Amino acid sequence: MKIETFFTANFQEKEGQFTNSIVVMIDVLRASSTIANALMNGAKEIIPVESTEKAVELYSKLSRETRLLAGERNGVKPTGFELGNSPFEFETEHIKGKTIILTTTNGTKLYQKAKNAKIKLIGSFVNSDSVINYIDKLILQEVSQEINIEFLCAGNYGQFSYEDTLCAGSLIYKLIQLRSNLELSDSSHAAKSLFLQFSGNLKNFIKTKEHPTFLDSIGLGNDIDFCLDFDRCPVVPVIHTYNAQLGLFSIRL
Ligand code: MLT
């Protein structure tokens, strides 16, 4: 059983690559954390969509009573959208039972990756223990089979990001505490080592990095604190196919 880590979503998917894998998609700031919070607070499902145009088109086809249009470009809510991508916007009565169409800069592109994976989960600091316990139970069920665990980081505009890699590292570290027989790829070993190097001062370290600095500069510092808060949203969002022809997914608990 091998643990693999991808530092960005910018990789060439090989034929059949993830078919026997549990894949965890990570976009700490902010898509993964926002999705976990929305589902924890009663949203029915999240449909991630790559472009604002496609998001608006899908929105126009859904029932008025149960739909919400959310997302960001450069951190900011697009014109005409009902919600942005701040986790705090997904805590009101307004979202209960709703289908939320979400488009974000990096995170929603990530969910198109690994579409053939056996199991696809959304991971972040806010649900880290829940994700690890979920994977641990899945591994128990799969004892007779070879299954790999793959962490896919969204990164930032195709580049490495500390927050996603450190999150992957923390998840890997937790997992190997539970199971000693897991083989780490070089990238997984690097993510874990990086996490251990900075774990004593994790939040302050991440806050000085590129995307957090940008979010803080546009007044979204509270979102960073939310997203770096371990186990604040103890839920496991799972990605299902919504419409195979359109290549759309539904993320639910
Ligand atoms: C993204 O998907 O790129 C992020 O969630 C951006 C953000 O809203 O901070």
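Analyst: A residue is near a molecule or strand if one of its heavy atoms lies within 4 Å of it. This is a predicted model, in which local features need pLDDT of at least 70, side-chain atom pairs count only at pLDDT 80 or more, and totals for chains, interfaces and linings use all residues. Residues are numbered from 1 along each chain as its sequence is written, and side-chain values use heavy atoms, without hydrogens and water.

User: Which residues surround the ligand?
Analyst: The shell divides into 3 nonpolar, 6 polar and 3 charged residues. Here Asp, Glu, Lys and Arg count as charged, Ala, Val, Leu, Ile, Met, Phe, Trp, Tyr, Cys and Pro as nonpolar, and the others, Gly among them, as polar. The ligand is surrounded by Asp27, Leu29, Arg30, Ala31, Glu72, Asn85, Thr104, Thr105, Asn106, Gly107, His211 and Leu215.

User: Which domains each give at least three residues to the shell around the ligand?
Analyst: Domain bounds come from an automatic or database assignment. At least three shell residues come from each of domain 1 (2–28 + 113–227) and domain 2 (33–108 + 239–252).

User: How far is a polar side-chain atom of histidine 211 from an oxygen atom of the ligand?
Analyst: Polar contacts are N or O pairs within 3.5 Å; within protein, one atom must be able to donate a hydrogen and the other to accept it, and sequence neighbours count only through two side-chain atoms. Aspartate 27 places a polar side-chain atom 2.9 Å from a ligand oxygen. For threonine 104, a side-chain N or O atom is 2.6 Å from a ligand oxygen. For histidine 211, the distance is 2.8 Å.

User: What share of the ligand's exposed area does the protein buries?
Analyst: Accessible areas use the Shrake-Rupley method with a 1.4 Å probe; for residues, only the protein chains shown count as cover. Taken alone, the ligand exposes 270 Å². The protein buries 99%.

User: Is arginine 30 buried or exposed?
Analyst: Arginine 30 sits in the loop between E2 and helix H1 (31–40). Helices (H or I, at least four residues) and strands (E, at least two) are DSSP runs, numbered from the N terminus. Buried means under 20% relative accessible area, exposed over 50%, partly exposed in between (1.4 Å probe, protein chains only). At 4% relative accessibility, arginine 30 counts as buried.

User: Which side chain makes a polar contact with glutamate 45?
Analyst: Glutamate 45 lies in strand E3 (residues 45–48). Its relative accessibility is 6%, so glutamate 45 counts as buried. At 2.6 Å, its side-chain partner is serine 250.
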